[in-house]
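Hi everyone, thanks for coming. Please have a look at the sequence and the structure, and then I'll walk you through them.

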Amino acid sequence: MAEDFLRYEEMVETALRDVVRRSLALVAERGLPGAHHFYVTFRTDRPDVLIPTRLRQQYPKEMTIVVQHQFWGLEVDRETLRITLSFNNQQERLVIPFAALTAFADPSCKFGLQFEARPGNGNDAPAERSIAPQTRAGVPAPAPAAASAPADAKGAEVVTLDAFRKK
């Protein structure tokens, strides 16, 4: 039962979500440098995701936003991303918990991460995927992808980050 106690997958996913949080916090503080820009994909069917009704109707399960040229009021705290974006020339405020993220990418440097959406406030729909969290780095995004080493004799899957590092 040591696996249940240590919860390595959860620890790794928390650390990788912190990479997203810290990246966005730096951009909120200093702006986007050079060609950097982000694709942020998140679950829209969670009750703690605050987006306009028309966007939720248009994107009932998942939505990807681009943080590049036209964004305002980027605020980042420990749990949440707040940003104003333009949709059809109308500025809209979005409040996105980091737990709702399913993917993050910075195509300018071929960096990407993929996440399992965490449960919301108890009223949300179950996540569509039931697989373990996957990470991607060094791969253009936001297309889903995963790579792993062969499973060992007990059936556990070992995922190595070396497979994703630039050589």
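Let's begin at histidine 37, whose side chain reaches the backbone oxygen of alanine 35 at 2.9 Å. The rule here is that a polar contact is a pair of N or O atoms within 3.5 Å; within protein, one must be able to donate a hydrogen and the other to accept it, and residues adjacent in sequence count only if both atoms are side-chain atoms.

Before I go on, two sentences about where this comes from. This is a predicted model, in which local features need pLDDT of at least 70 and side-chain atom pairs count only at pLDDT 80 or more, while totals for chains, interfaces and linings use all residues. Residues are numbered from 1 along each chain as its sequence is written, and side-chain values use heavy atoms, with hydrogens and water left out.

Back to our histidine. Where does histidine 37 have its place? Histidine 37 is in the loop between H2 and S1. Those labels come from DSSP runs numbered from the N terminus: helices are H or I with at least four residues, and strands are E with at least two. Is histidine 37 buried or exposed? Histidine 37 counts as buried because its relative accessible area is 12%; buried means under 20%, exposed over 50%, and partly exposed in between, with a 1.4 Å probe and protein chains only. Not counting residues up to four places away in sequence, histidine 37 touches Leu32, Val67, Gln68, Ala105, Asp106, Pro107 and Ser108. Contact, by the way, means heavy atoms within 4.5 Å.

Now let's zoom out. The chain has three helices and seven strands, and from the N terminus on the elements run α-α-β-α-β-β-β-β-β-β. Of the 167 residues in the chain, buried ones make up 34%. Among contacts with a separation of 6 or more, 53% are between residues 24 or more positions apart.

On to the sheets. Two strands pair if DSSP finds at least two bridges between them.

Which residue in S6 is the bridge partner of valine 40? The partner is phenylalanine 104.

Phenylalanine 104 comes up again when we look at rings. Rings of Phe, Tyr and Trp (its six-membered ring) pair if their centres lie within 6.5 Å; planes under 30 degrees apart count as stacked, over 60 as edge-to-face and the rest as tilted. That rule gives one aromatic pair. The ring centres of phenylalanine 38 and phenylalanine 104 are 5.0 Å apart and the planes are at 45°, so the pair is tilted. Because phenylalanine 38 lies in strand S1 and phenylalanine 104 in strand S6, the pair ties together parts that are 66 residues apart in sequence. Phenylalanine 38 is buried at a relative accessible area of 5%, and phenylalanine 104 is buried too, at 2%.

Next, the other sheet. Three strands form an open, antiparallel sheet in the order S3-S4-S5, with S3 and S5 at the edges, each pairing on one side only. Neighbouring strands are turned by 15° against each other on average, direction ignored. H2 packs on this sheet, touching S3 and S4, and its direction makes about 130° with that of S3. A hairpin through three residues joins S3 to S4. Four bridges link these two strands, and in S4 valine 76 is partnered by leucine 81.

What about the core? The largest nonpolar core has 27 residues, and Phe42, Ile65, Ile83 and Leu94 have the most contacts inside it. Such a core is a set of buried Ala, Val, Leu, Ile, Met, Phe, Trp, Tyr and Cys residues joined through side-chain atoms within 4.5 Å.

Finally, a backbone detail. Most residues other than glycine have a negative phi. Asparagine 88, however, has a positive phi near 50°, and it is found in the loop between S4 and S5. Asparagine 88 is exposed, with a relative accessible area of 74%. Lysine 110, in the loop between S6 and S7, also has a positive phi, of about 55°.

Key. Axes are lines fitted to C-alpha atoms, for helices over the stretch in contact, and angles run from 0 to 180 degrees between N-to-C directions.
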